[in-house]
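I opened this notebook to keep track of what I looked up, one entry at a time, for a reader who has not seen the structure before.

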Amino acid sequence: MTRRATTLLALLLGYSALYAIVGVIFFSDMMPEAYGSFFVSFFSLFQSMTLDEWSDQCRLLMKAAQPAAQFTEEPVRIFRGDGWWVGLFFVSYIILVGIVLVNVMIAILVGSFADAVAHAQQLDKRTSEEIEADNDFDFQKQLVASVPL
């Protein structure tokens with residue numbers, strides 16, 4: 001793996017870990033089965049990165065974030081009272097990690113594979129040229145050997 005791919009993989013894992021920590025802090029009381037601990041949260045976000053049921057998790061968490069505002073006479077417009085921030089969390093994660101970083105990682109890997117194929121073709125071409133040169137030398141050696149002295 002190239003240095004660029006390794007750096008990008010570390011960046012991808014770092015952002016996922018950061019979002020997993022934030023997910024545990026904000027969502028562990030609302031959805032402990034998906035965000036109760038760091039590793040469970042990391043797995044849930046990995047699932048979201050692959051775009052598998054991320055909207056279902058987002059909707060459930062948005063619904064769970066709203067009851068705090070329903071028990072007061074006035075709608076409370078605080079951070080935990082609305083569910084918009086849950087959507088912001090998921091959409092920002094999907095865009096940053098699921099779309100941008102994963103596609104850049106794929107581009108780097110495809111570029112590395114293309115470089116490896118070009119290098120292999122170059123070695124194959126050089127090898128065939130060396131074989132031709134050896135065959136020409138053997139032919140010349142046989143031609144000289146066939147001439148009587």
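Entry on helix α4. I began with burial in α4, in what is a predicted model, and found that Gln57, Cys58, Leu61 and Ala65 are buried there. These residues cover an arc of only 100° around the axis, so they lie on the same side of α4. I then turned to the other side of α4, where Arg59, Leu60 and Lys63 are exposed. As a reminder to myself, an α-helix has 3.6 residues a turn, so residues three or four places apart point the same way. I also checked the length: α4 runs over residues 54-65, and because its 12 residues at 1.5 Å a residue should span 16 Å, the 16 Å between its end C-alpha atoms agrees.

Entry on helix α3. I went back to α3, residues 38-49, whose 12 residues reach 16 Å from the first C-alpha to the last, close to the 16 Å expected at 1.5 Å a residue. The buried residues I listed in α3 are Ser41, Ser44, Leu45, Gln47, Ser48 and Met49. Which residues touch Ser41, once its neighbours within four places in sequence are left aside? I found Ala20, Gly23, Val24, Ala34 and Tyr35 in contact with Ser41, whose relative accessibility is 0%, so that it counts as buried.

Entry on helix α1. Two of the names in that contact list, Ala20 and Gly23, came up again among the buried residues of α1, which also include Leu8, Leu12, Tyr19 and Phe27. For α1, residues 3-27, I noted that 25 residues at 1.5 Å a residue should span 36 Å, and that the end C-alpha atoms are 35 Å apart, which agrees.

Entry on a surface patch. Last, I looked at a nonpolar surface patch of about 370 Å², made by Val91, Ile95, Ile99, Val100 and Val104. Val100 has its place in helix α6, residues 84-146, and at 40% relative accessibility Val100 counts as partly exposed.

Note on methods:
Residues numbered from 1 in each chain as written. Predicted model: local features only at pLDDT ≥ 70, side-chain atom pairs only at ≥ 80, totals over all residues. Heavy atoms only, no water. Patch = residues over 30% accessible without salt bridge, like charges linked within 9 Å, V, L, I, M, F, W, Y side chains within 5 Å. Areas by Shrake-Rupley, 256 points an atom, 1.4 Å probe, with all protein chains shown as cover. Salt bridge = Lys/Arg side-chain N within 4 Å of Asp/Glu carboxyl O. Helix = DSSP H or I, 4+ residues; strand = E, 2+ residues; numbered from the N terminus. Buried < 20%, exposed > 50% of the residue type's maximum accessible area, 1.4 Å probe, protein only. Expected span 1.5 Å × (residues − 1). Arc of directions from axis to C-beta. Contact = heavy atoms within 4.5 Å.
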